[in-house]
Amino acid sequence: MERKQHIAIFTTASLPWMTGTAVNPLFRAAYLTTSGERKVTLVIPWLSLKDQELVYPNNITFSTPSDHEIYVRHWLEERTGFISDFNIRFYPGKFSRDKRSILAVGDITELIPDEEADIAILEEPEHLTWYHHGKRWKMKFRLVIGVVHTNYLEYVKREKNGRMQAFLLKYINSWLVNIYCHKVIRLSAATQDLPRSIICNVHGVNPKFIEIGKQKTLELESRKEQVFKKGAYYIGKMVWSKGYKELLQLLKEHQKELAGLEVDLYGNGEDSAQVHEAAKKLDLVVRVHPGRDHADPIFHDYKLFLNPSTTDVVCTTTAEALAMGKLMHRFMSFPGRLQLNGS
């Protein structure tokens, strides 16, 4: 029997951390196996219990990689409606508090046997190669494709001496990606320009969100009742760099014009307590909640999705909100400007 082509997908995060680099590579692995023509392995980080408690929401932790895998597969099957035939392997990872990211420990290329090293997809190639000290990816795999999710230069600019750090990081990223990747896919033009790169959004939206949007359309057409009964909300990791500071500042400056508006913020993260305290100082009703799955029925009746992040490249939750039929406010990358998109 002819050997199937093997695709290994390496990423920098995993469920239950509800971030794009945990969710989108998982769906990519699932749908790449549907034809049965190729073998797929998803390679995700395994964290110590201490790091799990820092990263994963709602006190979810795992004692073994097997327990973690069961959780990931169950979550996926609930959302796709089918059992996926791909492998999951774990690499040792460590959560970096200052970078607020998971970093690989050791040579993670060794997780794929040489005889199966056909294609590697590096989700966030610059991130995965910052501290890589093993075999060169292009020597191990016949083809290495990087998928750029994050505008790291914008994140770095927010730190002390940020512009100098961003200047250096720009060249480090270009150098590493040039060494390790044959081809690079940038999800949007908001990302750093990198060698041998093209701009293409290779992500989609889970059909579940489209079905929710279709149901809301039917309700609108019947006009039996008010379809969107709630006001505005935002769902995202609760760290200042995700735009919470800009959102709360804007709400503060326009409290009189926005009188009567109620805003709900959903998320988990290191800055949750500070966001909660800042929200309580406003005259507007701004409620802060723990993070939830965006498909949760609690979100179905909101009319307006706020995306205050000026650093997100292609925000998964924004696409999901539009699929559900909501209006969307998106902050632009320059202060004081908002763009309204309707669905």
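In which helix do Glu277 and Lys280 both lie, and how many residues apart are they? The answer is helix 10 (residues 272-280), where the two sit three residues apart, about one turn of the helix. Helices here are DSSP runs of H or I with at least four residues, strands are runs of E with at least two, and both are numbered from the N terminus. This is a predicted model, so local features need pLDDT of at least 70 and side-chain atom pairs count only at pLDDT 80 or more, while totals for chains, interfaces and linings use all residues. Residues are numbered from 1 along each chain as its sequence is written, and side-chain values use heavy atoms, with hydrogens and water left out.

The side chains of Glu277 and Lys280 meet in a salt bridge, at 3.1 Å from N to O; the term stands for a side-chain nitrogen of Lys or Arg within 4 Å of a carboxyl oxygen of Asp or Glu. Glu277 is partly exposed, at 42% relative accessible area, whereas Lys280 comes out as exposed, at 53%. The cut-offs are under 20% relative accessible area for buried, over 50% for exposed and in between for partly exposed (1.4 Å probe, protein chains only).

Salt bridges that share partners also join Lys216, Glu219, Lys229 and Asp301 into one network. Overall, the structure holds 22 salt bridges. One of them brings together the side chains of Asp301 and Lys229, at 4.0 Å from N to O. This pair links distant parts of the chain, 72 residues apart: Asp301 is in the loop between strand 11 (285-289) and strand 12 (302-307), and Lys229 in the loop between helix 8 (207-222) and strand 9 (230-235). Lys229 is partly exposed, with a relative accessible area of 47%.

Another salt bridge runs between Arg287 and Asp264, whose closest N and O atoms are 2.7 Å apart. Arg287 belongs to strand 11 and Asp264 to strand 10 (residues 262-266), so the pair ties together parts that are 23 residues apart in sequence. Asp264 is buried, at 5% relative accessible area, while Arg287 counts as partly exposed at 33%.

Now for strand 5 (residues 119-123). Five of its five residues are buried, so this strand is largely enclosed by the rest of the structure. In a regular strand the side chains alternate between the two faces of the sheet. Both faces of strand 5 are covered, with Ile119, Ile121 and Glu123 buried on one side and Ala120 and Leu122 buried on the other. Strand 5 runs parallel to strand 1 (residues 5-10), joined by four bridges, and Ile7 has Ile119 as its bridge partner. Five bridges join strand 5 to strand 6 (residues 143-148), again in parallel, with Ile121 partnered by Ile145. Strands count as paired if DSSP finds at least two bridges between them.

What about empty space? Rolling a probe the size of a water molecule over the atoms shows where it is left. A cavity is a set of points, on a 1 Å grid over the protein atoms alone, where a 1.4 Å probe fits but cannot get out, and lining residues have an atom within 4 Å of a point. About 80 Å³ of space lies in the largest cavity, and its lining includes Thr12, Gly106 and Trp130. Strand 4 (101-104) and helix 4 (125-129) each supply at least two lining residues.

How values were computed. On a 1 Å grid over the protein atoms alone, a cavity is a set of points where a 1.4 Å probe fits but cannot get out, and a pocket is an open set with protein on both sides within 12 Å along at least five of seven lines; lining residues have an atom within 4 Å of a point. Grid points are joined across faces, edges and corners, and a volume is the space filled by probe spheres set on the points.
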